[in-house]
Amino acid sequence: MAMSSTTKSGEPVVRVSHLSKRFRLFHERNQSLKQSLLNLRRSTYEDFWALRDISFDVSEGETFGIIGHNGSGKSTLLKCLTKILEPDEGSVSVDGSISALLELGAGFHPELSGKENVYLNAAILGVSRRQVDQKFEEIVEFSGLEQFIDTPVKNYSSGMFVRLGFAVAVNVDPDVLIIDEVLAVGDADFQAKCGDKIADFRDRGKTIVLVTHGMSDVVRLCKRAAWIDHGNLRMIGPPQDITEAYMQTTHDGRSVQYLDGLRWGTGEVQIAAVEILGADGQPVDFATSGEPHAIQLLLTAAQPVIAPEIVLSIYDQNATLVSEVSTRNRDAFIDQVHGERIIRFELDTLPLTEGTYEMSCSVVDESGQREYDVRSRFVKFDVLKGDSGDRGLVTLGGSWNVNP
């Protein structure tokens, strides 16, 4: 197991030393006192170690990311940091005031209004009513819930829940902010506002511990990151190194997947098959950044259909549209489809960087109004890192000229 070294930005304020947390998994749990007495020796269980010998420090003013697959122990670790759970082995200490947003609506009472829950949630965080009075307008403005602040939160949507909870957590000005997957919730405007607030916290020297599945958030916001895998600390270090190592394991044993997503259309033309081809023209399990590829579509039509248009849309795992291309905007005219017809979209170099993507395909008429076949996000594929080492969402390609 890799051990951490603190950064130079300040003294450690979060210390995790040989932390282990165990849960009991009962195979035959007794449902009543009578059953407990009758089956005194029959109730069996096994120990499940959600965390095993985890050690790291987070320095003052550092933004520290934690990544890992679902069920790896990330949330359990954060609950130990916030004293919700007690370690079975090892120790955890946090210096200064803590504000934590661990679960959607945690600490909210459904019958109370948004305003009342602001005060309740702040009290749980150890903030006085006087301090909340001073910050209340700022909290409400950040949440964007001015119109609904006197409404019982049981009537809030899940997005409204997390907006109000995040607004309280970040505006009570804690020394340490602990966040679990909040950046993936809410609309694009709120996510951008959360990112800006975290950047402001970081610039003011606050300490942040962030759990997220958004690899771009880890690279963009964090100074260091840790990878938790099945309760064990696999790696700790620069966020780019950690995310690349983690993403590599997510590709293991994977290939192009065809999902039963939404599909609609008149059916006059149908998308019978889609394949991703390599430079040799053969189907591939993985695409590789920067290398030649083609997306091949097999179209079928029982009767002749004149001048259909094809649209391809690529999305990343945050549902962000990365690129959309069509035969029309590339001046590629399809005279007709009758029977079977193969169409290819060819790329000299694939501009996508390493990650997992989804693709939608549609066939429409030349006006774009009549939809023959629309298959929404039904192809899921992985892109492996190429030789360029470019970072970000896409690679620009091109070449450097140092003597122009």
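Is Ser-99 buried or exposed? Ser-99 counts as buried, because its relative accessibility is 0%. Buried here means under 20% relative accessible area, exposed means over 50%, and partly exposed lies in between, with a 1.4 Å probe and protein chains only.

Before going on, some ground rules. This is a predicted model, so local features need pLDDT of at least 70 and side-chain atom pairs count only at pLDDT 80 or more, while totals for chains, interfaces and linings use all residues. Residues are numbered from 1 along each chain as its sequence is written, and side-chain values use heavy atoms, with hydrogens and water left out.

Back to Ser-99. Its place is in strand β5, residues 98–101. Helices (H or I, at least four residues) and strands (E, at least two) are DSSP runs, numbered from the N terminus. What does Ser-99 touch, not counting residues up to four places away in sequence? The list is Leu-125, Ala-169, Val-172, Pro-174, Val-176, Leu-177 and Ile-178. Contact means heavy atoms within 4.5 Å.

Now the whole chain. The protein chain has eight helices and 19 strands. Of its 404 residues, 45% are buried. Take the contacts with a separation of 6 or more: residues 24 or more positions apart account for 71% of them. The chain exposes about 21200 Å², and carbon and sulfur atoms supply 48% of that. Those areas come from the Shrake-Rupley method with a 1.4 Å probe; for residues, only the protein chains shown count as cover.

Start with α3, residues 114–124. Its buried residues are Gly-114, Asn-117, Val-118, Tyr-119, Asn-121 and Ala-122. What do they pack against? They pack against α4 and α5, the latter spanning 158–171. After α3 comes Gly-126, with a positive phi near 85 degrees.

On to α4, residues 129–143. Where does α4 bend? At Lys-135, by about 55 degrees. That bend is the angle between axes fitted to the seven residues ending there and the seven starting there. Buried in α4 are Val-132, Phe-136, Ile-139, Val-140, Phe-142 and Ser-143. Just after α4, Gly-144 has a positive phi of about 75 degrees.

In general, most residues other than glycine have a negative phi. Here are two residues with a positive one. His-230 is not a glycine, yet its phi is about 50 degrees. His-230 sits in the loop between β8 (224–229) and β9 (232–237). His-230 is exposed, at 58% relative accessible area. Asp-331 has a positive phi near 55 degrees. Its loop runs between β16 (321–326) and β17 (336–347). Asp-331 is exposed too, with a relative accessible area of 73%.

Gly-90 is in β4, residues 89–94. Gly-90 is partly exposed, at 47% relative accessible area. What does Gly-90 touch, leaving out residues up to four places away in sequence? Ser-17, His-18 and Leu-19. Ser-17 is 73 residues away along the chain, yet the two C-alpha atoms are separated by 5.6 Å.

Gly-237 is in strand β9. Gly-237 counts as buried, with 10% relative accessibility. Beyond its neighbours within four places in sequence, Gly-237 contacts Arg-224, Ala-225 and Ile-242. Its C-alpha atom is 9.8 Å from that of Phe-64, 173 residues apart along the chain.

Last, the largest pocket. Its volume is about 860 Å³. On a 1 Å grid over the protein atoms alone, a cavity is a set of points where a 1.4 Å probe fits but cannot get out; a pocket is an open set with protein on both sides within 12 Å along at least five of seven lines, and lining residues have an atom within 4 Å of a point. Points are joined across faces, edges and corners, and a volume is the space filled by probe spheres set on the points.

How many residues line the largest pocket? The lining has 31, with Met-215, Ser-216, Met-247, Glu-354 and Gly-355 nearest the centre. Elements giving two or more residues are α7 (215–221), α8 (239–251) and β18 (355–364). The largest share, six residues, comes from α8. By class, the lining has seven nonpolar, 15 polar and nine charged residues. Nonpolar covers Ala, Val, Leu, Ile, Met, Phe, Trp, Tyr, Cys and Pro; charged covers Asp, Glu, Lys and Arg; the others, Gly among them, are polar.
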